[in-house]
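Dear colleague,

I am handing over the model we spoke about, and I would be grateful if you could look through it alongside the notes below. The notes begin with charged pairs and then turn to the contact between the chains and to the strands.

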Amino acid sequence: MTMIMTRDEIAKRLSEVGYVPDRELAMALSLMDMLGRPLLLEGEAGVGKTEVAKALAAIHGSRLIRLQCYEGLDQSTALYEWNYQRQLLAIRAKESLGGGAGVEEDAVFSEKYLLERPLLSAIRQKQAPVLLIDEVDRADEEFEAFLLELLSDFQVTIPELGTIRAVSIPRVVLTSNGTRELSDALRRRCLYHYVDFPDVDREARIILARVPGISTELALQIARMVEKIRKEELRKVPGVAETLDWTASLVGLGVKNLRDDPETVHDTLMCLLKTAEDRARVTKEVSTRLLGKVA
Amino acid sequence: MTCCGAGHPEDLKEAGGAMLARLIAFANILRSNAFAVGLKETQDAVRLLATDLAARPSSLRPALKALFCARASDWRKFDEIFDAHWLGQGMKQLARVSASGATTSPKTIRELSQNAPGQHSEPGLGEPVPSDGASSALPSGDIGRMEGASRVENLQHTDFRKIADPEELAKAHALAERLAKAMRARLTRRERARRKGRKIDLRRTIRRNIAHGGVPIELVHRAPKPKPLRLVVLLDASGSMSLYTSVFVRFIHGVLDHFHEAEAFLFHTHLAHVTPAMRERSGARALERLSLLAAGAGGGTRIGESLATFNRWHAKRVIHSRTCVMIISDGYDTGDSGVLGQEMRALARRCRRIVWLNPMLGWEGYEPSARGMKAALDYVDLFAPAHTLDSLAKLEPYLARL
């Protein structure tokens, strides 16, 4: 378990679990283990940042613990919380049994009444899990500071219970969509990888890996078409997830070759274009013209 | 197979010293290119050098890239810098940051501010400003202070162009800074008034009252989290604006200093994000960095294209629901006015308010006739003159209402 995989090994294992990495990402993942640093992934929405963490968990055969960040996220939802209802019940029960005021505090503040939240649960796993802190830019700055502390010490102090040290150091993946500038301190702490839109070749391989029973020819056509569409001036550039949706719908409709069926191709573009403006921009003529270059 | 074993100790000892020196030099270059590289990163890089990753550039580059980069802009720059340093390719690129700008650009911000009418000794951007004015008013004690006040009054009605005296200019700067402060103070008070919540936070109330055996004695309230107003300033630094640029640069500095959240951009033929440079405490350094960023200032304007860049690359990060975008420009656009209208529409959809300050509006008989201006006006919430401090002051109640 402690053995560190090289870049090529990681790349190979990742493709085995259906994630097609580029070389730089494989390197970053290999360095994560070597240097024991978290990995910060940035990139447009829908380029598969979250998928990286899932694939990483899959290749290490470990659990994926996910913390979805949002505005107002605080320690009680991210780290731990006491189960108040149970505590109160326990106190009442003891009182009614005639224990009187002699309820021991230790009894109420014990493991039994502790609710683990993702961060605490991540450091208490026997086998190092993958901790995915998703969209960290959505959380508040205070939470970011707290996170920084946790990521450097991997220990948590619960006033009533004492300090809990990490049983195993989780592999931490953070993702950010860039809605807010992250602090330099957090950035410095992490390895960094910018997840870009894949090139035609990689996208075609992703399609082949994810959509069963599709021909290489069609996958390549779709990848080339999507690349062309991304180059149009769009408000929302379609990501890999959208490509897969589109592929699935084309396959579902029985399209074997994009050239044969420009009508269907145009009608299913709604899988890729998600605003009215973009939809209006890619007219029938545009899609036919793009198709002409592709297929 | 593990790749971090110290595979070839002898090789390392020989190559070690030279490699280390190069690595440290590399880290320094990155730092001067605004990478956030700390001691810890360099240490980790040394560890990487000891592995067989360092054997080939093709594996060393992605390794160091993941380690040293911290943001998307770093990510795009890194390969070039790496190749220049480690492979000796494109060596002249290395000098990009340390020496360019002044020589290549037609006019830099520093020159602009020095060219401002009669302004020979611009006080540093970050230096305490009022000292000049205060010392001139000192001799006559109390009366002097009154005089000072009345002179400020007077200043408020003068067109910036007519301020020739450096002392007066310094005062104009101080006023701009005070104004920014006043705007912020107003906003902060509003937030505090909203602190008391109407709803009860049940979970926290129970938590707080466990000590009382669960009897709710202390109540915890919930209130919507106040979101302070964010001000994004887009300043036109083109030739036609040169008379006003230095004053507005000063104003922006005040804004960045005193607003809780603010961002600043400069544009002429292209757009530059100047917030980090302008936050520099030392005025001299701020100007230095600014002039590098704003290479080409003083030339023509392409407002539409600049706005397009802003919408595409910066808007998502910089703008939230309580953002006011302040564009300071005369609206003389050398680019395509159709683009401007389109981009203004996109911008208007994103942000709360758009304020367009136009120095020309103060001129008698000026009509917003510039083509670009006309295209943009439909989407502007407030179109105001900005040639005097008075007109800036008038904005305060408006901004506070947002």
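**Salt bridges within chain A**

Glu203(A) forms a salt bridge with Arg230(A), and their closest N and O atoms are 3.0 Å apart; a salt bridge here is a side-chain nitrogen of Lys or Arg within 4 Å of a carboxyl oxygen of Asp or Glu. Glu203(A) belongs to helix α10 (residues 200–210) of chain A and Arg230(A) to helix α11 (residues 216–231) of chain A, so the pair ties together parts that are 27 residues apart in sequence. Helices (H or I, at least four residues) and strands (E, at least two) are DSSP runs, numbered from the N terminus. Both Glu203(A) and Arg230(A) are buried, where buried means under 20% relative accessible area, exposed over 50%, and partly exposed in between (1.4 Å probe, protein chains only).

Please keep in mind that this is a predicted model, in which local features need pLDDT of at least 70 and side-chain atom pairs count only at pLDDT 80 or more, while totals for chains, interfaces and linings use all residues. Residues are numbered from 1 along each chain as its sequence is written, chains are lettered from A and ligands numbered from 1 in the order in which they are written, and side-chain values use heavy atoms, with hydrogens and water left out.

Over all chains, the structure holds 28 salt bridges. One of them pairs Arg66(A) with Asp134(A), with the closest N and O atoms 2.7 Å apart. Arg66(A) sits in strand β2 (residues 64–68) of chain A and Asp134(A) in strand β5 (residues 130–134) of chain A, so this pair ties together parts that are 68 residues apart in sequence. Arg66(A) is partly exposed, at a relative accessible area of 39%, whereas Asp134(A) is buried, at 3% relative accessibility.

A further salt bridge runs between Glu81(A) and Arg117(A), whose closest N and O atoms are 4.0 Å apart. This pair, too, links distant parts of the chain, since Glu81(A) is in strand β3 (residues 80–82) of chain A and Arg117(A) in the loop between β4 (114–116) and α7 (118–123) of chain A, 36 residues apart. Glu81(A) is buried, with a relative accessible area of 6%, while Arg117(A) is partly exposed at 22% relative accessibility.

**Where chain A meets chain B**

Chain A brings 45 residues into contact with 41 residues of chain B, contact meaning heavy atoms within 4.5 Å. The two chains, A and B, bury about 3900 Å² between them, 51% of it on carbon and sulfur atoms; buried area is the accessible area (1.4 Å probe) that two parts lose on being put together, summed over both.

Across this interface of chain A and chain B there are 6 salt bridges, and Arg349(B) forms a salt bridge with Glu277(A), the closest N and O atoms being 3.1 Å apart. On the side of chain A that touches chain B, α2(A) gives the most, with 7 residues. The residues of that side divide into 17 nonpolar, 6 polar and 22 charged, where Ala, Val, Leu, Ile, Met, Phe, Trp, Tyr, Cys and Pro count as nonpolar, Asp, Glu, Lys and Arg as charged, and the others, Gly among them, as polar.

**Paired strands**

In chain A, strand β6 (residues 155–158) and strand β7 (residues 162–165) run antiparallel and are joined by 4 bridges; two strands pair if DSSP finds at least two bridges between them. β6(A) and β7(A) form a hairpin with 3 residues between them, and Ile158(A) stands opposite Gly162(A) in β7(A).

Chain B has 17 helices and 8 strands, and buried residues make up 48% of its 402 residues. Strand β7 (residues 353–358) of chain B is mostly covered, with 5 of its 6 residues buried. Strand β6 (residues 323–328) of chain B is joined to β7(B) by 5 bridges, and the two run parallel, while β7(B) also pairs with strand β8 (residues 382–385) of chain B in the parallel sense, over 4 bridges. Trp356(B) in β7(B) stands opposite Ile327(B), and its bridge partner in β8(B) is Phe383(B).

With best regards
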